[in-house]
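Dear colleague,

Please find below the structure for your review.

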Amino acid sequence: MSRLVFATSNAHKTEEVAAILGEEWQVEDLRAHPGVILDEETGDTFEANAIIKAVSGSRGVPGLLVLADDSGLEVDALDGAPGVRSARYAGETANAADNRAKLKTELAKLPQDIRFSGRFQCCMVLARDGEVLHVTSGSVEGRLLTEEVGAGGFGYDALFIPNGFTETFGVLPAETKNQLSHRARALAAMKEQLASLA
Ligand code: IMP
């Protein structure tokens, strides 16, 4: 089993990554490395922020492979918002429920006869000792609801129906989300690189 430090404190994301990578990888996140402090996400793209997390995180755990993701939701009718600000959409100290409430408020201001198309985006960066080894990305297209459906998942999952499905990520089983999500796709593109370093 090879070790991989996932530079996040978001247990939901870690669960997804561990499930997607399977038993060959022991995935540890920052809860297991409380001394690791990530630099502030000052970038204005998912890639820039994922690089900041991977590089700063890997400096805190010398010799170990570090994976970081930066992800978020883009809604076309909101000109791509919340985008890179997805985690802080309702303010710097906002939680996921606050962010969903803000999104519902913004969608409610728009004409309700349009289909609110959008996508989750994810950029993944693999690094070691402060050096970027590989960068991948993935996305999943879908549409937004104006009311939450389902209690599964996290973040904006209860408001998002992926194309080809009739249920939100808050209702669909985790196994389904982990086959088609932005994170799954970015990670699939990373697998060969990971295998060569295992
Ligand atoms: P990050 O931790 O800076 O990458 O912030 C990502 C934010 O985007 C999260 O806090 C969620 O609000 C949202 N997000 C990213 N991936 C997902 C997902 O798979 N489901 C729901 N929301 C997500």
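Contact here means that heavy atoms lie within 4.5 Å. The model is a predicted one, and the points below should be read accordingly.

Helix packing. By the contact criterion, Lys-13, Glu-16, Val-17, Ile-20 and Leu-21 of helix H1 meet Arg-183, Ala-184, Leu-187, Lys-191 and Leu-194 of helix H5. Two packed helices are described by the angle between their axes and the distance between the axes. H1 spans residues 11-21 and H5 spans residues 182-197; their axes come within 11 Å and cross at roughly 50 degrees. The crossing of H1 past H5 is right-handed.

Ser-181 sits in the loop between helix H4 (174-180) and H5. With a relative accessible area of 0%, Ser-181 is buried, because buried means under 20%. Its side chain reaches the backbone nitrogen of Arg-183 at 3.3 Å; Arg-183 is also one of the H5 residues that meet H1. Leaving aside residues up to four places away in sequence, Ser-181 touches Val-140 and Phe-169.

Gly-153 is found between strand S5 (131-144) and strand S6 (160-162). Its relative accessibility is 40%, so Gly-153 counts as partly exposed. From Gly-153 to Glu-175 the separation is 22 residues in sequence and 11 Å in space, C-alpha to C-alpha.

Yours sincerely

How values were computed
Residues are numbered from 1 along each chain as its sequence is written. This is a predicted model: local features need pLDDT of at least 70, side-chain atom pairs count only at pLDDT 80 or more; totals for chains, interfaces and linings use all residues. Side-chain values use heavy atoms; hydrogens and water are left out. Axes are lines fitted to C-alpha atoms, for helices over the stretch in contact, and angles run from 0 to 180 degrees between N-to-C directions. Helices (H or I, at least four residues) and strands (E, at least two) are DSSP runs, numbered from the N terminus. A crossing is left-handed if the near helix is turned anticlockwise from the far one by less than a right angle, and right-handed if clockwise. Buried means under 20% relative accessible area, exposed over 50%, partly exposed in between (1.4 Å probe, protein chains only). A polar contact is a pair of N or O atoms within 3.5 Å; within protein, one must be able to donate a hydrogen and the other to accept it, and residues adjacent in sequence count only if both atoms are side-chain atoms.
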